[in-house]
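Subject: Structure for you to look at

Hello,

Here is the structure I promised to pass on. Please open it and keep it beside you while you read my notes.

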Amino acid sequence: MSVQPITSTSTDQCATEESAARTAGQRVLRIEAAALVQLADKLDDSFDRAVEILSGTRGRVVVTGIGKSGHVARKIAATLASTGTQAFFVHASEASHGDLGMVARDDTVVALSNSGGTAELADIVAYAKRFKLPLIAITSRAPSPLADQADVVLLLPDAAEACPMGLAPTTSTTLMLALGDALAVALLERRGFSAEQFRVFHPGGALGRRLVKVSDIMHGGEALPLVPPATRMADALLVMTAKSFGCVGICDDDGRLVGIITDGDLRRHMAGDLLDRIAADIMTREPRAIRPNALAAEALAVMNMSQRPFTSLFVTDDDGRPVGIINVHDCLRAGIA
């Protein structure tokens, strides 16, 4: 079998095909970006009313749709749930076959349909009206069957689909997705949703690891290597060795951390009388410490920022009393690097 050599003609053809693909991609992105700008400019008090309704919902937010709108609805529900709004997705068709039992009296329904005439939404819309559940519609058509029944209509701009045939949902689903993000963030800010609350809903993955607090992984109680200032170094070394943190903290009569002795301090004071001296003579005064509610990533940064990085850091309360100790290996085990 002969192998055809790569000619300049075939190379030019490949380059032309790649250029055509890139041009198509850029066209799609620009069409959708322009539509998003239209959507932002079009937001009015309907958005405010939608946020007001969602914020005041005593039950859960039920997001529904079918087809591509259903996929977007599922993502919107997930985003709402992860940012402090109780929400879940109900497939519009499955709602007609028993899943309406998942919708409770205090819930709010958010229905997605680009055309506003999706027949499969009829049952869940009728259910919402029957039990007087607030209904928020996201659609690009008003009037339409869905918009006519909704308490609030979030109307998408009349933007062309990015598909050259104008058939495949592209621009419309991007607009729905972005509008769902806008609702979620507006609700997040309205409630003052914190990073700590976010971490509760994201215990796994990179986000969860980034938001681990010092108090989540610190050692406390009997594990703390602590001695009074007048402790003989022979005894201080026993505590330092037994606790295995490579250091010992020095606390005054009020229990406040006033110093620390590390391996480096021992090397700097190495002499024949070291074991007969007291901890106050050897300790480094005013040691660095961190608060319990600080992020573990911040503790790791403190341990690494010094000209002489250290491996353990005491955790103190507002009065400077040790409540824990965190080690660089604790941070690494928690996936913080």
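Predicted model: local features only at pLDDT ≥ 70, side-chain atom pairs only at ≥ 80, totals over all residues.

Start with the strands. There are 5 of them in an open sheet, ordered S2-S1-S3-S4-S5, and the pairing is parallel. S2 (87-91) and S5 (152-155) stand at the edges. Each has a single partner strand, so one side of each lacks a neighbour in the sheet. From one strand to the next, the twist averages 20°.

Now the pairings. S1 (residues 61-65) is joined to S2 by 5 bridges. In that pair, threonine 64 stands opposite valine 90 of S2. S1 also pairs with S3, in the parallel sense, over 4 bridges. There, valine 63 stands opposite valine 110 of S3. S3 and S4 run parallel too, with 4 bridges between them. Leucine 112 faces isoleucine 138 of S4 across that pair.

How many of the residues of S3 are buried? The count is 5 of 5. Both faces are covered. Thr108, Val110 and Leu112 lie on one side, with Val109 and Ala111 on the other. In a regular strand, side chains alternate between the two faces of the sheet.

H2 (residues 45-55) touches S1, S3 (108-112), S4 (135-139) and S5. The direction of H2 makes about 130° with that of S5. H3 (residues 67-82) packs on the sheet as well, touching S1, S2 and S3. Its direction makes about 160° with that of S1.

**H7 and its partner**

H7 (residues 171-191) has 21 residues. From first C-alpha to last it reaches 30 Å, close to the 30 Å expected at 1.5 Å a residue. Its buried residues include Leu175, Met176, Leu179, Leu183 and Leu187. An α-helix has 3.6 residues a turn, so residues three or four places apart point the same way.

H2 packs against H7 at an angle of about 60°, with the axes 10 Å apart. The two helices are therefore oblique to each other. The crossing is right-handed. On the H2 side, the residues that meet H7 include Phe47, Ala50, Val51 and Leu54. Among their counterparts in H7 are Leu179, Leu183 and Leu187.

Best wishes

Notes
Residues numbered from 1 in each chain as written. Heavy atoms only, no water. Pairing = 2+ DSSP bridges. Axes fitted to C-alpha atoms, helices over the stretch in contact; angles between N-to-C directions. Contact = heavy atoms within 4.5 Å. Expected span 1.5 Å × (residues − 1). Buried < 20%, exposed > 50% of the residue type's maximum accessible area, 1.4 Å probe, protein only. Parallel < 35°, antiparallel > 145°, perpendicular 65-115°, else oblique. Left-handed = near helix turned anticlockwise from the far one by under 90°.
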